[in-house]
Amino acid sequence: MRFFGTTWVDHGGGYAVRRAAVTIGSLVAIAVSCLVLRFAYEGLEIAAVGGFVTGLVVVMFAVCSALAFRHTWAGYTKRHAPDSQSALRGLLTIGFVGTLTAYFFRSLTEAPGESLHRQEHETTPHRTRN
């Protein structure tokens, strides 16, 4: 809930504007990321590393992006164990396009992670001040 503070609780304080900005920002980040990957691919072609290595790199980014998307998407509905988060850090870094894509699609319906935070917020007993 990085960009939303507590506005997700009652959808006030510019929530709709923030959500629109996050949606557009994540879409721009996806486009820039794909451009960076394109430059990397062109670098492999210029280096003439061969079709096998180029194919391996493309498959690696595709698989890591798919796994990162699935992991990120699942993280919006349930908490991941901290050990699994740290173990998958490299995969999530390589699959950054998948993570950004999951963030974009979730931001179309809610602030990413809002339903999980709302569920935790409603089930946690709150103290009242006297």
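These notebook entries record what I looked up in a predicted model.

**Basis.** I number residues from 1 along each chain as its sequence is written, and side-chain values use heavy atoms, with hydrogens and water left out. Because the model is predicted, local features need pLDDT of at least 70 and side-chain atom pairs count only at pLDDT 80 or more, while totals for chains, interfaces and linings use all residues.

**Helix α6.** I took helices as DSSP runs (H or I, at least four residues), numbered from the N terminus. Helix α6 covers residues 96-107, which is 12 residues. From its first C-alpha to its last it reaches 16 Å, close to the expected 16 Å; the expected span is 1.5 Å times one less than the number of residues.

I next asked which residues of α6 are buried. They are Val-97, Gly-98, Thr-101, Ala-102, Phe-104, Arg-106 and Ser-107. Buried means under 20% relative accessible area, exposed over 50%, and partly exposed in between (1.4 Å probe, protein chains only). The cover over these residues includes α2 (15-47) and α3 (51-74).

**Cysteines.** I counted zero disulfides, a disulfide being a pair of cysteine sulfur atoms within 2.5 Å. Cys-64 is buried at 10% relative accessible area, whereas Cys-34 is partly exposed at 40%.

**Salt bridge.** I counted one salt bridge, defined as a side-chain nitrogen of Lys or Arg within 4 Å of a carboxyl oxygen of Asp or Glu. It joins Glu-42 to Arg-38, with the closest N and O atoms 3.1 Å apart. Both residues lie in helix α2, four residues apart, about one turn of the helix. Glu-42 is partly exposed at 30% relative accessible area, and Arg-38 is partly exposed at 42%.

Technical notes:
Helix = DSSP H or I, 4+ residues; strand = E, 2+ residues; numbered from the N terminus. Contact = heavy atoms within 4.5 Å.
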